[in-house]
Amino acid sequence: MTGKKGFGLGKAAIGGLVLGPIGLLGGFIGGNKLKLTCVSCSFSWEPGQSEISRVTDTLKNQAKNLIQKYKTSDSLDAITAGLALTAMADGVLDPAERQKVQEFITQNPELNSFGPGQALSKFEAAVATITRDPYRGKEAALGKLHKLRSKPDLARLVVRYCVAVGYADGHFSYEEQQMVSDICRVLNLNPSEFLY
């Protein structure tokens with residue numbers, strides 16, 4: 001990717017754009033122009049404002065449809081477990097990072113579709129479990145994620161949410177990347193599809 005200020009999927013997601021079930025890299029290439037590149041085929045394009053809005057709407061609808069298709073308690077448990085694992089990857093969740101993750105969860109209409117406060121409550125419970133006993137908490141969270149192995153489209157969306165949480169504090173750390181890799185392996189996904 002060219003340009004001085006590049007950003008990956010996570011920063012785009014924190015900004016309100018979760019790039020759905022397809023993988024895209026985005027970066028500013030100067031003059032406030034955005035360049036998107038498909039991870040799978042390497043096709044690049046510089047969309048105009050109307051095209052960005054159209055792509056954003058399409059990807060948000062895809063995410064919404066996936067959540068609606070698999071809207072179960074197990075799905076929400078798995079999503080929030082993945083978010084908690086990523087947020088706690090370095091062993092701590094400082095107040096600033098917690099606030100960013102909470103904002104991501106509360107401002108995400110797909111996660112809010114499970115019911116008011118449900119996603120945030122389950123995320124906080126998962127964080128508390130990991131904090132009390134990091135080893136058992138991690139194993140319990142990975143067990144919840146394992147249930148999504150038979151739903152690869154939802155599993156991919158969950159990993160993209162995890163990447164977004166990794167960027168919540170503006171830095172996708174090595175520990176967070178390693179956790180996303182572990183989550184991918186549990187979900188039977190290739191980490192290189194998500195870690196650029």
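1. How far is the sulfur of cysteine 162 from the closest cysteine sulfur, and in which residue does that closest sulfur lie? The model is a predicted one, and in it the closest cysteine sulfur to that of cysteine 162 belongs to cysteine 184, at 8.3 Å. A disulfide requires a pair of cysteine sulfur atoms within 2.5 Å, and the separation of 8.3 Å is therefore too far for a bond. Taken from the side of cysteine 184, the closest cysteine sulfur is that of cysteine 162, again too far for a bond. The count of disulfides comes to zero.

2. Are these two cysteines buried or exposed? Cysteine 162 has a relative accessibility of 1% and counts as buried. Cysteine 184 counts as buried too, at 0% relative accessibility.

3. As to the overall layout, the chain has nine helices and four strands. Along the sequence these elements follow the pattern β-α-β-β-β-α-α-α-α-α-α-α-α. The chain holds 196 residues, of which 46% are buried. Among contacts with a separation of 6 or more, 67% are between residues 24 or more positions apart.

4. Cysteine 162 belongs to the contact between two helices, α3 and α8. Helix α3 covers residues 73–87 and helix α8 covers residues 152–166; their axes come within 9 Å and cross at roughly 30 degrees. Angles under 35 degrees count as roughly parallel, so α3 is roughly parallel to α8. The crossing of α3 and α8 is right-handed.

5. Which residues make the contact of α3 with α8? On the α3 side they are Ser75, Ala78, Ile79, Gly82, Leu83, Thr86 and Ala87. On the α8 side they are Leu154, Val158, Tyr161, Cys162, Val165 and Gly166. By class, the residues of this contact comprise nine nonpolar and four polar, with no charged.

6. Helix α3 also packs with helix α9 (residues 174–186), at an angle of about 150 degrees and with the axes 8 Å apart. Angles over 145 degrees count as roughly antiparallel, and α3 and α9 are therefore roughly antiparallel to each other. In this contact, Gly82, Leu85 and Thr86 of α3 meet Glu176, Met179, Val180 and Ile183 of α9. Here the division is four nonpolar, two polar and one charged.

7. Alanine 126 deserves a separate point. Its place is in helix α6, which spans residues 118–132, and it is buried, with a relative accessible area of 14%. Where neighbours within four places in sequence are left aside, alanine 126 is in contact with Thr80, Ala81 and Ala84. Glycine 82 lies 44 residues from alanine 126 along the chain, yet their C-alpha atoms are separated by 9.1 Å.

8. A final point concerns a backbone angle. Most residues other than glycine have a negative phi. Asparagine 188, however, has a positive phi, near 60 degrees. This asparagine 188 is found in the segment after α9, and at 57% relative accessibility it counts as exposed.

Terms used
Residues numbered from 1 in each chain as written. Predicted model: local features only at pLDDT ≥ 70, side-chain atom pairs only at ≥ 80, totals over all residues. Heavy atoms only, no water. Axes fitted to C-alpha atoms, helices over the stretch in contact; angles between N-to-C directions. Parallel < 35°, antiparallel > 145°, perpendicular 65-115°, else oblique. Left-handed = near helix turned anticlockwise from the far one by under 90°. Contact = heavy atoms within 4.5 Å. Nonpolar A, V, L, I, M, F, W, Y, C, P; charged D, E, K, R; others polar. Buried < 20%, exposed > 50% of the residue type's maximum accessible area, 1.4 Å probe, protein only.
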